[in-house]
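Student: Please take me through a single part of this model in close detail. I would like the annotated stretch, its place in the chain, and a helix pair inside the chain.

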Amino acid sequence: MGRITLDKVQKKFGEVEVIPPLDLTIEDGEFVVFVGPSGCGKSTLLRLIAGLEDVSGGEIRIDGKPATDLPPAKRGLAMVFQSYALYPHMSVRKNIAFPMKMAGMDQAEQDRRIAKAAEALNLTDYLDRRPGQLSGGQRQRVAIGRAIVREPAAFLFDEPLSNLDAALRVGMRMEISELHSTLKTTMVYVTHDQVEAMTMADKIVVLRAGNIEQVGSPLELYKAPRNTFVAGFIGSPKMNLLTGAIADKHNATTIGIRPEHLDVVESGGTFTGRVGVAEHLGSDTFFHVHIPEMSEPMTVRAGGEVGLRHGDTIHLEPRAEHIHRFDAQGLRIA
Amino acid sequence: MATEHSKSSARLMIAPAVFVLLVWMLVPLCMTLYFSFADYRPMRGTFDAWIGFGNYASFLTSSSFLSSVMVTLQMVAGILLITIGGGVALALLLDQPMFGQGIVRILVIAPFFVMPTVSALVWKNMFFNVDNGLFSYLWKFFGAQPYDFLSQSPLLSIVVIVAWQWLPFATLILLTAVQSLSSEQLEAAEMDGAPGYSRFWYIILPHLSRAITVVILIQTIFLLSIFAEIFVTTNGAFGTRTLTYLVYQRVLESQNIGLGSAGGIVAVILANVVAIFLMRIVGKNLDT
């Protein structure tokens, strides 16, 4: 069981309020991703849950039991760190065994759990090596193995994939998702990468400056961002946010159109502009279109083989049903 | 960078330094070697350039040789024990955030700057002196009989003096090692349920092992040649005669330069044996 409740949790470093009072419930078995730009307090929030930082106010409950004043070890949570934080002088086996050894578990049970974790994580051949002899991905798996064997109420991941190269990151993303579906344990995952958030999460928590901007499933956030910040943060490439006359036409201060919701048309169209940088990805092409009446170029997603080049004139037509409207405060107009 | 031209000019430029160092080392070493095979007692006017291994035989078979080696080892071991133990403790303390950290750290290094002779005199006259040493006042304050450190436990006294001098060195090196430990590792251990002493034993101490071996290596090499502290305090009496001091006595007190030189060569060989032995341990530790 791993239901985590944050009740008006607050964190101050001296005079600076990093996290203003915040409420959040993480349901048992959920995969929750905290996402936000760097410095938004997502890691701090995770460390508050882990108990590595003391809260300045409010209460944390794990499975309904107050955990605010419990030391990290007593909370029944396991954490995977960004740097993996493996113990360099211990073999992989000893690394994985460490939490069990500290808990005073008997040797047979330790061996059984190590074997099981090593099997699940493809580490059986590496058990007697030192972390220094492993690749980044393998180290990551050892760190996860060390977390699994404790059979914690919830796993906490602090940007675990940011030290891996792009290809490995995609692979590990799958493995962690796979792990979640087999273990069905609560996982709290911190990242600044919205792609990780979109692909892995059951529930995304978007944070900015310690405030929760929006909580919801990836598709909810994609379809109905609550404000311009979430609109700009979720989705890749970024949503085009337009102000001025075009927004007034829709009775809004700002309107948002995702690059994939703009169609390239032969002539006419709402927008006419000049093609700037074109990014050809094979399956898709992203055009940065300079439109005379707008200060920022607009991003457009087109099919893989569009015969447009730098400097060509392009006509664009947004899909009316996918236009997001925001008011003067940046909040969504339903 | 490494063109033929720059290589040869680099060799040319370091040549003077290498030459001076070589001469500095080799000339005394060769002279010692030469005298060690000679019967050279200037006060009696004896000089016989070649007597074979006679000096070595009498130096190695004399009863004072073995005891001096034992004393040397005990002294070095005692000092290492105090400096490493105290150094680790002080390093951990100094790593804690506190008021006036910079000043405290400078003060901790201070004893290292005091010359050995001076520190030995200060300890002898201000701390260990039976009549007006600070320890005597302390003993009297608690109603105890003042303790004559230098004659009752002379070896321990010298160990304390030298350890006091070398503690800053150990602390400094160990402090940098403590600071290089990633806080995430400690946090991971904390999450894994390791209490404070387990974190020290399983995480901090293994992390420090490399620094500790370096401290042991460097200190041992320097400590094998302790002289001033013994000369100033006990003059080699009461079982504080180390190998270095024995060599000094043979040369200056017995005025037997041949015998002393032989002792010097023996000391060099033993020191090298110890150094090679330690180097191997360090090398092993640096591998992993």
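Tutor: Start with the record. An unreviewed UniProt entry carries the annotation "domain: ABC transporter" for residues 4–234 of chain A. Keep in mind that the model is predicted. In this model, the span 4–234 of chain A is 36% helix and 26% strand. Its end C-alpha atoms lie 25 Å apart.

Chain A divides into domain 1, residues 4–231, and domain 2, residues 238–326. Taken over C-alpha atoms, the centres of domain 1 and domain 2 of chain A are 38 Å apart. Contact between them involves four residues of domain 1 of chain A and six residues of domain 2 of chain A. On the domain 1 side, that contact has two nonpolar residues, two polar residues and no charged ones.

Next, the helix pair. Helix α2 of chain A covers residues 92–102, and helix α3 of chain A covers residues 107–120. They pack at an angle of about 130°, and their axes are 10 Å apart. Because of that angle, α2(A) counts as oblique to α3(A). The crossing of α2(A) past α3(A) is right-handed.

Look at the residues that meet there. From α2(A) come Arg93(A), Ile96(A), Ala97(A) and Met100(A). From α3(A) come Gln110(A), Arg113(A), Ile114(A) and Ala117(A). By class, the residues of this α2(A)–α3(A) contact are five nonpolar, one polar and two charged.

Terms used: Residues are numbered from 1 along each chain as its sequence is written. Chains are lettered from A and ligands numbered from 1 in the order in which they are written. This is a predicted model: local features need pLDDT of at least 70, side-chain atom pairs count only at pLDDT 80 or more; totals for chains, interfaces and linings use all residues. Domain bounds come from an automatic or database domain assignment. Two residues are in contact if their C-beta atoms, placed from the backbone, lie within 7 Å. Ala, Val, Leu, Ile, Met, Phe, Trp, Tyr, Cys and Pro count as nonpolar, Asp, Glu, Lys and Arg as charged, and the others, Gly among them, as polar. Axes are lines fitted to C-alpha atoms, for helices over the stretch in contact, and angles run from 0 to 180 degrees between N-to-C directions. Helices (H or I, at least four residues) and strands (E, at least two) are DSSP runs, numbered from the N terminus. Angles under 35 degrees count as roughly parallel, over 145 as roughly antiparallel, 65 to 115 as roughly perpendicular and the rest as oblique. A crossing is left-handed if the near helix is turned anticlockwise from the far one by less than a right angle, and right-handed if clockwise. UniProt positions are given in the numbering used here, feature names are shortened, and annotations may be inferred rather than shown by experiment.
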